[in-house]
Amino acid sequence: MAADAVEAPRVRPHPPVRSGALRRAAPLLPAVAVVALLAVPAPPAGDGSAGSGSVADVASAVLVLHCLLRVLRSRARPLTRTAALVLGLPVLGVTVASLTADDPAATLPGLARYLQIFVLVPAALLLLLRDRRDFRLVAGSVVVLALAQGAIGVTQFLTGTGASYQGEDIRAVGTFGATDVMGMATVVAYGLIISVGYALGGGAGAPRGQRALALCCAGLLCVPLLLSFSRGAWIATAAALALQLALSGVRRALVVALTAGALGVVLVGGLGIGSQMITERVDSIARVADAPDQSVTDRYTMWAAATDMWRERPVTGVGLKGFPAYRDHHASLALSAASDTSGAGAGFQRQPLLSPHNMYLLVLSEQGLLGIVAFAASWAGLLVCAVRGLRGARRSGTGTECGLVVTGLLVWQLVDFGYADIGGPSTVLTAVMLGLAAWWALGRRHATVYGATAYGATAGRGAGPA
């Protein structure tokens, strides 16, 4: 009877869902969310300026809290002494400037903003990133955001729905609106520098097609960057790309430079994409000293006012958020006090000039010598360590693309700070950039809180570059 029994058909189990990649990326989802949520438009502040409170800022707070909980759970020393020193230096200047201000309570929003951008979010990313794959995930999310914002910006130019520029609504601003005209330019410039870094640094172990994809993204991002009509972003991007090309080798630099030149001729000269306005904007860079327009006059006037504030209180400055209160007392009559903005879905409004549009002078005027020395030492430390890491990566043959990306981003930011300062929703992306730089410069050679804990036990690797 046993021989006559019909054998039940064997049910083959379904193959397990391959969730390793998702599980591995889970700790970085808050960081990716910060980048992705920058696509959500932020409402302007009540005074007409670019609002700083956005969903991306809320996501950055979640990112910091997420990292803190993981650090407490791991019970490990999170930062090396060098990392703690470099990232902690800005705390000194902002704290003293807050305590010595005329109204310390009024400086609390500025204190929180400085700590968010220059300390907390970079430190969180330094601890969360484990290797080059994690770096590539966060950097890739920035490129995707740049492509999306760039596509919106190009559409705005072609359809006349952008911010107002020379009487026409053609300025590409993405979802950041007319009150934050530097927002899209910053995002696109970051994406362009990241793409060029991966195109130049892709070695033998790089994923197949990485260089071609990176070059394609870089070429596409050149268009919205030009259509942003942001002179400061152009200058900073040119400096960063020149350095990346120089560090990648002479032969490769020549090939990329010739390719970029040919692409520029085709886009601007051949297709005529904004060629006349772009040419006029480029020419205006050389005329800022001889025949400056009103925006340049306002900027020079605010720079002079910031310098006068520093002379009044040279050690600690006038206090965080103190520039608007002291501006009229130190500025000349040439200052218009507000700029006209319109377009990109918003009506005409006067945007107040609440900062000198120069990060170095903003820190000098509000935090004095103590603050500017602390910030300069922190940024210089990041850049020096990043360049040293790049040299080591070139000797070992791994991680060159990360070093080129970080070096380019840092140089871009340091140059751009000569024409802009923190403010607006896009500023949180600066914190993400500093986090990528901190991992490469300060944390990639050391075990992070995950190197010896759950992740290290399951993945069988440390926190260094893969």
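1. A word on terms before we start: helices (H or I, at least four residues) and strands (E, at least two) are DSSP runs, numbered from the N terminus. With that in hand, His357 sits in the loop between β4 (346-352) and α14. Its phi is positive, about 55 degrees, although His357 is not a glycine. His357 is partly exposed, with a relative accessible area of 27%; buried means under 20% relative accessible area, exposed over 50%, and partly exposed in between (1.4 Å probe, protein chains only).

2. Some housekeeping for your own checks. This is a predicted model, in which local features need pLDDT of at least 70 and side-chain atom pairs count only at pLDDT 80 or more, while totals for chains, interfaces and linings use all residues. Residues are numbered from 1 along each chain as its sequence is written, and side-chain values use heavy atoms, with hydrogens and water left out.

3. Now the overall picture. The protein chain has 17 helices and four strands, and 50% of its 466 residues count as buried. Taking contacts (heavy atoms within 4.5 Å) between residues at least 6 apart in sequence, 78% join residues at least 24 apart.

4. As background, most residues other than glycine have a negative phi. Phe229 belongs to the loop between α8 (210-227) and α9 (231-248). Phe229 is buried, at 0% relative accessibility.

5. Do have a look at helix α5 (residues 108-128), which has a kink of about 50 degrees centred on Gln116. The bend at a residue is the angle between axes fitted to the seven residues ending there and the seven starting there. Of the 21 residues of α5, 16 are buried, so the helix is largely enclosed by the rest of the structure.

6. How do α14 (residues 359-396) and α15 (residues 400-416) cross? Their axes come within 9 Å and cross at roughly 160 degrees, which makes α14 roughly antiparallel to α15. Axes here are lines fitted to C-alpha atoms, for helices over the stretch in contact, and angles run from 0 to 180 degrees between N-to-C directions. Angles under 35 degrees count as roughly parallel, over 145 as roughly antiparallel, 65 to 115 as roughly perpendicular and the rest as oblique. The residues of this contact divide into 13 nonpolar, three polar and one charged. For those classes, Ala, Val, Leu, Ile, Met, Phe, Trp, Tyr, Cys and Pro count as nonpolar, Asp, Glu, Lys and Arg as charged, and the others, Gly among them, as polar.

7. Thr407, in helix α15, is buried with a relative accessible area of 1%. Leaving out residues up to four places away in sequence, Thr407 touches Leu243, Leu247, Ala386, Val387 and Leu390. Leu382, in helix α14, is also buried, at 3% relative accessibility. With the neighbours up to four places away again left out, Leu382 touches residues including Val86, Leu410 and Leu434. Leu382 and Leu434 lie 52 residues apart in sequence and 8.7 Å apart in space, C-alpha to C-alpha.

8. Finally, helix α7 (residues 181-201) and α9 pack at an angle of about 10 degrees, with axes 10 Å apart, and are therefore roughly parallel to each other. Their contact has 11 nonpolar, four polar and no charged residues.
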